[in-house]
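Dear colleague,

I am passing on the structure below, followed by some notes on what turned up in it. Please read them alongside the coordinates and tell me if anything needs another look.

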Amino acid sequence: MTVTPAYAPLLARLHQRNGDHFRLAMSLEPGMTEPAFWEHVLADQQRAVQDGTGVFLLGFLKSSPQPEVGCVISFSGIVHDEFDCCWLGYRMDRALQGRGLMHAALAPAIAAMFERHRLHRILASHQPDNLRSAAVLRRLGFGIEGYSRDFMKVNGEWKDNVLLSLIAPGN
């Protein structure tokens, strides 16, 4: 599903369940476990979808008695002209890891991004010790472009990242 501010309570619950897990790869801001925090973020993301600079998706748990977000996928910074590329980001509920679900969610989303947005390249990165992300990206066909020291600040600390990309099929 594409994001809307109506999903704010569900994203707050995802971060309540996974705060320690997400802290390893992303900066956690005060209030991320509160719906009010996500209402503004989701409104901004919805505007990015409308102006063509981003696509933000939520994957839902099928077996849950109430709606719950299981994963978040973002294609941000969509740029056309000389680059025709964007950045891929994703996170998944820790309880769902190891089942191939992130690959199952990303594969059709990536294919749709190449087709609908006529992208040439999708960029991604992961911390060197994040072997699960490395495996997901490798399985999707991403190739390593390089290693960037102090690439991203995570919870106040600069972290190295492995940089990867996937070129559109047929290019």
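**The second largest pocket**

By class, the lining of the second largest pocket comprises eight nonpolar, three polar and two charged residues, where Ala, Val, Leu, Ile, Met, Phe, Trp, Tyr, Cys and Pro count as nonpolar, Asp, Glu, Lys and Arg as charged, and the others, Gly among them, as polar. Before going further, please note that this is a predicted model, in which local features need pLDDT of at least 70 and side-chain atom pairs count only at pLDDT 80 or more, while totals for chains, interfaces and linings use all residues. Residues are numbered from 1 along each chain as its sequence is written, and side-chain values use heavy atoms, with hydrogens and water left out.

The lining is made up of 13 residues, and F60, L61, K62, L96 and L101 are those that lie nearest the centre of the second largest pocket. A pocket here is an open set of points on a 1 Å grid over the protein atoms alone, where a 1.4 Å probe fits, with protein on both sides within 12 Å along at least five of seven lines, and lining residues have an atom within 4 Å of a point. The volume of this second largest pocket is about 280 Å³, a volume being the space filled by probe spheres set on the points, with grid points joined across faces, edges and corners. At least two lining residues come from each of β1, β2 (69-79) and α3 (101-117), and α3 gives the most, with three residues; helices (H or I, at least four residues) and strands (E, at least two) are DSSP runs, numbered from the N terminus.

**Aromatic rings**

The model holds three aromatic pairs, a pair being rings of Phe, Tyr and Trp (its six-membered ring) with centres within 6.5 Å, where planes under 30 degrees apart count as stacked, over 60 as edge-to-face and the rest as tilted. One of them joins Y7 and F60 in a tilted arrangement, 5.4 Å centre to centre and with 55° between the planes. This pair links distant parts of the chain, since Y7 is in the segment before α1 (8-22) and F60 is in strand β1 (residues 54-60), 53 residues apart. Y7 is buried at a relative accessible area of 17%, whereas F60 is partly exposed at 30% (buried means under 20% relative accessible area, exposed over 50%, partly exposed in between, with a 1.4 Å probe and protein chains only).

The rings of W87 and F151 are also tilted, with centres 6.1 Å apart and planes at 40°. W87 belongs to strand β3 (residues 85-92) and F151 to strand β5 (residues 143-154), so this pair ties together parts that are 64 residues apart in sequence. W87 is partly exposed, with a relative accessible area of 32%, and F151 is partly exposed, at 30%.

**Cysteines and backbone**

There are zero disulfides in the model, taking a disulfide as a pair of cysteine sulfur atoms within 2.5 Å. C85 is in none, and its nearest cysteine sulfur, that of C86, is 6.9 Å away. C85 is buried at 11% relative accessible area, and C86 is buried at 0%.

Finally, R118, in the loop between α3 and β4 (121-126), has a positive phi near 50° although R118 is not a glycine, and R118 is exposed at 66% relative accessible area.

Best regards
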